[in-house]
Amino acid sequence: MEDGTLPEGLHDEALLEHYRTMLTARRLDDREISLKRQNKIFFQISGAGHEAIQVALAAHLKPGHDWFYPYYRDRALSVALGLGPVDQLLQAVGAASCPQTGGRQMPSHFSSVPLQITNTSSPTGTQFLQAVGTAEAGYRATLEESLRNHVRNVQEDEVVVACAGDGTTSEGEFWEALNTACNLKLPVLFLVEDNGYAISVPVEVQTAGGSISRLVSGFPDLLVRECDGTDLVESWEVAGEVVAHCRRREGPALLHAHTIRPYSHSMSDDERMYRPDEEREADARRDPLVRTRALLLERGLATEEELNALEEEVNQEVADAAQEALRHPQPEPETALRHIYSEEVDPTGPDFDTEDSPQYPEEDRLLTMVDLLNVCLMDEMARDPAIVVFGEDVADASREVALGQVKGKGGVFKVTHGLQGRFGSVRVFNSPLAEANIVGRAIGMAVRGLKPVVEIQFFDYIWPAFMQLRDELAMMRYRSNGTFSAPVVVRVTYGGYLKGGGPYHSQTGETLFTHTPGLRVVLPSTAEDANGLLRTAIRCQDPVLFLEHKHLYRQVYNKGRNPGPDYMIPFGKARVVREGSDLTVVTAGALVKRSMDAAKIAWEEHGVEVEVIDLRTLSPLDMETIGASVKKTNKVLIAHEDSLSWGLGSEIAARIADQLFPWLDGPVRRVASLDTWVAYAPRLENAILPQAADVLEGILELAEF
């Protein structure tokens, strides 16, 4: 705009409207700061200094058409998209009537179903992979007609926007997201709002060379552009270029906008502790509101008096919105447990219980757990076209030209074998070797209506995905007050007894996930149970961690027949696998067989009649079945595979002590692994993991009380 002309498409009238939006966002920040000082709200983080790039970008986007994954500084973007002052301040006061989160989330965590602003969370960087998954859902819907009917609001020219600060680009998930977005040429627009600081850490410490746009310049099909994010006109022009690139399906784009941060990181921070006055004063001279106001005056779009009147009007609008928001009460205490799980579909209820009416085929063929898991996936993918299956090595062959020449992989353990051949490469495909990538993309797909059933190859390597699992997948429904959900099934192999699995192929660790509200945790021990429970997991509307024991995959003793395409076992329904009267053993997974063996010896050689309960699901836990058994036998032993300390047995023992103490005739005992890692040498592995002999010893010692 050196000659004073505006870019084509940007009109004088729009400049004035953009200034009003920018001013509204800043005054909302200022009002929240005032309310925080009065203890009328409880947290504040501002988007001051970022207004120009956000409003400029919003001018090229379509709320309700495009998708948005903002971060906590995107106040002006959210206002421009349609989240007005009252909605913003209802969130700040924690109002029950807040349409974004109903009092569940901090201020500046934006959300709107009709505007397609996906519920914002606090962890930095988790949004990138979810945005990729959301774009991927639209992309796959254009390739497969059966998916199109299940993916929400597919548009041929849609753009998915993922916003973040410069510090967030240090997260590994940012690079994983770029990799997949470029690999699939997805229309994802990565907006990096670079204000020079991640709290107190300057950009040259965060980023090698101090420029994220230079670092990513080698990604194929990624359009990279920089702009002065405090200059409204330059921001508008460059934003239009990157949005058009994405709409034309030429690949993703990264817009690196240089902004300022005139306020501290949040009201919990004081930037004067680490930023000299000279630096802060230089930023103040680049304030986008000051620059845009000067532009309006320079172009004669308004006089000083008219701008003063406009500013007073915005101030009053925000003040009125604050008064309105303060009239709305916080949620009632009894609502605290709402929206942890689906309130429409209950996988613990009778609709999911067809266990007593299996539809066995006429032939009496016994199948392994691997076989019946595969059968379930085949049946469910045929029933529901919204199901997509992906993970590491799950496809038969990524290169389709090879499919007719090879037998096909279908997973390390063959659980997904043949799915790609039957349902195609749009619905069954391999992922990069990146666990967070798998789960994050699945969340983004599920938000749009797909049903991802993904595989983490080994439990031991699930940890890169832990942030996505705990802070995103399990919390999506709760933090959005039930307006967004991500009913993903995450299949994971786990466990020892492998004779050589070692410390990185033998972990259990299920209690790290049972301790996560909003996540169902399932752990079958037999082939038929695995079939019925996986079907429930797929058909329910909650996220499920489905644990499959490697040792149990092909055992002869837990084989079963195909129970049919509608066979389901409800969550929270344990099974009494052996009746007894003297003592109860509560167990799951690989310890079921070992407990049964111990119970058999206890009866045959010692006359102790043991009742054995297979939990089948760990969250929810069937305390009703446990309670009925303990009231009958009056003694209980808990046997589980993971380490003794802080394990599943601790929680069950505590619940028994709380709820069943009057019926106990002895202490609640536990048998579990030693408090160490599972060693490679079989002799050590046998000593570390609980064996049938250990369970028997526990039974006999407890029987003596």
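Guide: Helix H22 (residues 623-633) and helix H23 (residues 648-660) have axes that come within 11 Å and cross at roughly 60 degrees. Axes here are lines fitted to C-alpha atoms, for helices over the stretch in contact, with angles from 0 to 180 degrees between N-to-C directions. Helices (H or I, at least four residues) and strands (E, at least two) are DSSP runs numbered from the N terminus. The crossing of H22 past H23 is right-handed, a term for the near helix being turned clockwise from the far one by less than a right angle.

H22 contributes Met 623, Ile 626, Gly 627, Val 630 and Lys 631 to the contact, and H23 contributes Ile 652, Arg 655, Ile 656, Gln 659 and Leu 660; contact means heavy atoms within 4.5 Å. Divided by class, this contact has 6 nonpolar, 2 polar and 2 charged residues. Ala, Val, Leu, Ile, Met, Phe, Trp, Tyr, Cys and Pro count as nonpolar, Asp, Glu, Lys and Arg as charged, and the others, Gly among them, as polar.

The model is predicted: local features need pLDDT of at least 70 and side-chain atom pairs count only at pLDDT 80 or more, while totals for chains, interfaces and linings use all residues. Residues are numbered from 1 along each chain as its sequence is written, and side-chain values use heavy atoms, with hydrogens and water left out.

H23 also gives the most to the lining of the second largest pocket, with 4 residues. A pocket is an open set of points on a 1 Å grid over the protein atoms alone, where a 1.4 Å probe fits, with protein on both sides within 12 Å along at least five of seven lines; lining residues have an atom within 4 Å of a point. The volume of the second largest pocket is about 320 Å³. Its lining comprises 16 residues, and Thr 514, His 515, Leu 618, Glu 651 and Arg 655 are the closest to its centre. H19 and strand S17 (617-619), like H23, each supply at least two residues of this lining.

The largest pocket holds about 380 Å³ of space. Among its 22 lining residues, Gln 507, Asp 642, Ser 643, Thr 676 and Trp 677 lie nearest its centre. Helix H19 (511-514) and strand S18 (636-643) each supply at least two lining residues, and S18 gives the most, with 3. This lining divides into 9 nonpolar, 10 polar and 3 charged residues.

Terms used
Grid points are joined across faces, edges and corners, and a volume is the space filled by probe spheres set on the points.
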